[in-house]
Amino acid sequence: MKPFAPLFISFEGIDGSGKSTQCQKLYHELLGRGYKVHLFREPGGTHISEKIRDILLDKEHTEISPITEMLLYFASRNQLITEKVIPALKRGEVVLLDRFVDSTLAYQGYGRDLPLESIRQVADVAIGDVMPHLTILVDTPLETAENRMDDRELDRLEAENRDFKENTRKGYLELAKQEPDRWLILDGRESIESLKARVINRVTNLLNG
Ligand code: TMP
């Protein structure tokens, strides 16, 4: 049997956007079609990265500096790509990531106001040229996203103020505008099934292309 070409897809969006649901749907769809497929969340996805996640999302860690925060996201990410993502892609498998480097550009760059240039320099060291073929942005207005999270216990980032979240959302749209070929922007107010159909349509084109 001919090996599959590797495929790397990331999902992005503000908290409560609905992106994780779409990751899961795509994961199961591709598994059902017989692909060898992996789904990892960021920060997380390896033993060490999950420990870094605990540090990052702990609500008691209010003293964490913006640069420490940014570096920890990249530390987690480097461990994930080294241990899991690159080996899987080399085997010709499909890798789905629930968040990747664009989360840091949107949250720490546009949200936290760290210079994008500094983030890109760290990205160069931490991930080099490992970039997704496709990044799916589930763009959801803040109010809709917040309503969906009403009964969820919020982590440190989810508990941030509205300006931070609005700037993060705008940041995503700006990033997507800069690289239209890599991004697919979806309207997160659409139904789960309608979003799923759009995702599958685009990914099927990529797989056939
Ligand atoms: P999650 O809730 O989607 O698992 O993501 C964890 C939180 O971390 C979420 O509030 C977004 C935030 N985050 C960043 O601020 N920067 C990043 O680089 C990543 C990956 C996540």
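How much space lies in the largest pocket? The answer is about 590 Å³, in a predicted model where local features need pLDDT of at least 70, side-chain atom pairs count only at pLDDT 80 or more, and totals for chains, interfaces and linings use all residues. Residues are numbered from 1 along each chain as its sequence is written, and side-chain values use heavy atoms, with hydrogens and water left out.

A pocket here is an open set of points on a 1 Å grid over the protein atoms alone, where a 1.4 Å probe fits, with protein on both sides within 12 Å along at least five of seven lines; lining residues have an atom within 4 Å of a point. The largest pocket is lined by 32 residues, and those closest to its centre are Asp15, Lys19, Ser20, Asp98 and Arg99. Two or more lining residues come from each of α1 (19-32), α2 (47-57), α3 (66-90), α4 (101-111) and α8 (192-208), the helices being DSSP runs (H or I) of at least four residues, numbered from the N terminus.

The structure also holds 20 salt bridges, each a side-chain nitrogen of Lys or Arg within 4 Å of a carboxyl oxygen of Asp or Glu. In one of them, Arg112 meets Glu69 at 2.9 Å, N to O. This pair links distant parts of the chain, since Arg112 lies in the loop between α4 and α5 (116-126) and Glu69 in helix α3, 43 residues apart. Glu69 is buried, at 1% relative accessibility; buried means under 20% relative accessible area, exposed over 50%, and partly exposed in between (1.4 Å probe, protein chains only). Another salt bridge joins Arg189 and Asp187, also with 2.9 Å from N to O. Here Arg189 is exposed at 56%, whereas Asp187 is partly exposed at 28%. Through shared partners, salt bridges join Glu69, Arg112, Arg156 and Glu160 into one network.

Aromatic pairs number 4, counted where ring centres of Phe, Tyr and Trp (its six-membered ring) lie within 6.5 Å; planes under 30 degrees apart count as stacked, over 60 as edge-to-face and the rest as tilted. The rings of Tyr107 and Tyr172 have centres 6.3 Å apart and planes at 85°, so this pair is edge-to-face. Tyr107 belongs to helix α4 and Tyr172 to helix α7 (residues 162-178), 65 residues apart. Both Tyr107 and Tyr172 are buried, and together with Phe164 and Trp183 they form one aromatic cluster.

Definitions and conventions
Grid points are joined across faces, edges and corners, and a volume is the space filled by probe spheres set on the points.
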